[in-house]
Amino acid sequence: MIFDAIFDDMFDEIFGHLDESRACGDSRALLMPVQLDLKPNRRKYTMLKLLIGPLSLKWLAFCALWVVVFCNRAFFGHLLASYPLAEGHVYFLGAVAVLLFGLVLAELCILALVISARLAAIVLLLASSLLSFFTDQYGTVFDSVMVQNLFETQAAEAMNLMSLGLFLQALIFGLLPALGIALLPLSKTSLRAHLQPALGIGIGVGLALAAIAPATATFSSFFREHKALHYFTTPIYSVYGVAGYLKGVLSVDGDRVIMPSSSYAYIPTNDHAYDLVVLIVGETARADHFSLNGYARNTNPKLGRRPDVISFSQMTSCGTSTAVSVPCMFSYDKKSEFDQDSIFESMNVLDTLAKAGVDVLWRDNNSSSKHVADRVRYENYRDRALNTICDVECRDEGMLVGLQSWLTEAPNDKLIVLHQMGSHGPDYFHRYPAGFEQFQPACQTSELGDCSLDEITNAYDNSLLYTDHFIDKAIQLLEQNQGQYEVSLIYVSDHGESLGEQGLYLHGLPDLIAPEAQTHVPLLVWGGISSDIDLGATRKFKDLPFSHDDLPNVLLALFEVETDAFLDLPEPMIMIKPH
Ligand SMILES: [Zn+2]
């Protein structure tokens, strides 16, 4: 209403050029019998209107208000939990709403200066409706890592996220208002009309400052104590995410030289037997859902019967997403210093092992190796031409097929990395063959909001049963090769998963607010009779805190590599038998 009062007189010149051209067409029709050439012109005109048409400030303000009210439910939900209405925070809550409105309006108007006001409004409505579905439904935060995940998501994964809820949300809160904006009659294309966004930026910033100014003390403690709340502002925070992602992409120089991480790496000649290590990089497995770690349900029926499996109970992940954790666990940068640029700057432990003469093979049934295996042999097992065990999707077990002949025919020190599909959500029910549906009823949709916590947990735990089976089969393969090789297996998950606790789902939350469910991961060590691992001595460490930082040292120790690449860490995770 305020905007109406201030700007109505400025925009009362709104009129329809479309109607004008239609009128022209009519008058020509009286003179000319043929008027077919008007249709393409009208289409071109409509396209032009959509692309470069201005939009009055009141409509820009309407779009910003729409997004604040309908696309920020998670933000206001968290805000109300911290500042309940009943405790007299009415004025403060109102001020936060005005602040958010001012910022969204300013952001929209900045975009409007770049790509035209009408297109900017449509982009804002569509993007906000989609982003808010995931933020409201799953607690997803769109930081630079999540934006990277989005860009790296493959078509099949994206299809799993499609749901009726997403479609309805996009239709009601995005498509319909966007269509309304697109169909608005065009205001006069004057300089004044094109200056509306600039005015909007001033008003947006002014409103934001006006909201904060009378209560600076309350706001400063709000920004300090509730820093995490800004993660949930749509689309404010996702703009930071996109900017952070683009900054990372643009800073990667294609010709950059990747620095070696060791000046020397070799396996001493007194190590006569070949080492064979299988490293399984798990997906989305939670430590507290492994019965090996005390979970009440038997999710490790096969591994639980193996006394030579050691489960490390206090293991934390480097990140909460595959894109961070996978490169980080192979990197010589510790979690505290790891950033994704380092993938393109320095070599990882696989490079050191290859340099020392180990045959490294990476088989992937997930999205990719995240550039970890760029310089070693890589095979994509989501490809049905390669993976011989596929039904609704290609199964992790397929990665074991054909390994035996490679082990027999070309003996050498070998590291086989198997990157699992594991328990990747939200469609946990797709992650296991039908025979593994032991916990019932299991959620049968990727729309987690339609399932109870128990149903989601059942489907998730069934996927862990399949992982238990897969690891057991990998151990069987190693057992068959104990005569020829010194065999060991490491299993570690990349990150955990929220299954609906505190309204959070999936993974990928920033460190600051990530719950333990997303960072506490299982790590298993198995050593065969011929293994170099001193299982008795190693077992003593199983309840000490370790993290993904320890993996490079573990791999170097297993192959007994002499190198200066070892990381300086407080405790070794595994003990090696003296030769
Ligand atoms: Zn992952």
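User: Which residues make the contact?

Analyst: α8 contributes Ser144, Met146, Val147 and Gln148. From α14 come Gly241, Val242, Gly244, Tyr245 and Gly248. By class, that contact has four nonpolar, five polar and no charged residues.

User: Where's the cis bond to Pro441?

Analyst: Gln440 and Pro441 are joined by that bond, and omega is about -5°. Pro441 lies in the loop between β6 and α18. For context, most peptide bonds are trans.

User: Back to helix pairs. At what angle do α4 and α7 pack?

Analyst: About 10°, with axes 10 Å apart. α4 covers residues 57-70 and α7 covers residues 117-138. The two helices are therefore roughly parallel to each other.

User: And what class of residues is in the contact of α4 with α7?

Analyst: There are nine nonpolar, one polar and no charged residues. On the α4 side, Trp59, Leu60, Cys63, Trp66 and Val67 take part. They meet Ala117, Ala121, Leu124, Leu125 and Ser128 in α7.

User: What about α6? What should its 26 residues span?

Analyst: At 1.5 Å a residue, helix α6 (residues 90-115) should span 38 Å. Its end C-alpha atoms are 37 Å apart, which agrees. Ser116 follows α6 and has a positive phi, near 90°.

User: Where is Gln502, which has a positive phi as well?

Analyst: Gln502 is in the loop between β8 (498-499) and β9 (505-506). Its phi is near 50°. Most residues other than glycine have a negative phi.

User: Now the sheet. What's the strand order?

Analyst: It is an open sheet of eight strands, ordered β5-β4-β6-β2-β7-β10-β3-β11, with mixed pairing. β5 (377-380) and β11 are the edge strands, each pairing on one side only. On average, neighbouring strands are turned by 25° against each other, direction ignored.

User: Which helix packs on that sheet?

Analyst: Helix α18 (residues 453-479). It touches β2 (274-282), β6 (414-419), β7 and β10. The direction of α18 makes about 175° with that of β2.

User: How does β3 pair with β10, parallel or antiparallel?

Analyst: Antiparallel, over six bridges. β3 spans residues 309-316 and β10 spans residues 520-527. Phe312 stands opposite Leu523 in β10.

User: And β3 with β11?

Analyst: Those two pair in the parallel sense over three bridges. Gln314 has Pro545 of β11 as its bridge partner.

User: How many bridges link β7 and β10?

Analyst: Five, in the antiparallel sense. β7 covers residues 485-493. Tyr491 has Leu524 in β10 as its bridge partner.

User: Last one. What's the mean pLDDT?

Analyst: The mean pLDDT of the protein is 87, and 90% of its residues reach 70 or more. Over residues 1-36 the pLDDT is below 50. That stretch has 29 contacts in the model beyond near neighbours in sequence. Where pLDDT is low, the predicted coordinates should not be read in detail.

Note on methods:
Residues are numbered from 1 along each chain as its sequence is written. This is a predicted model: local features need pLDDT of at least 70, side-chain atom pairs count only at pLDDT 80 or more; totals for chains, interfaces and linings use all residues. Axes are lines fitted to C-alpha atoms, for helices over the stretch in contact, and angles run from 0 to 180 degrees between N-to-C directions. Helices (H or I, at least four residues) and strands (E, at least two) are DSSP runs, numbered from the N terminus. Angles under 35 degrees count as roughly parallel, over 145 as roughly antiparallel, 65 to 115 as roughly perpendicular and the rest as oblique. Two residues are in contact if their C-beta atoms, placed from the backbone, lie within 7 Å. Ala, Val, Leu, Ile, Met, Phe, Trp, Tyr, Cys and Pro count as nonpolar, Asp, Glu, Lys and Arg as charged, and the others, Gly among them, as polar. Two strands pair if DSSP finds at least two bridges between them. pLDDT is the predictor's confidence in each residue, from 0 to 100. The expected span of a helix is 1.5 Å times one less than its number of residues.
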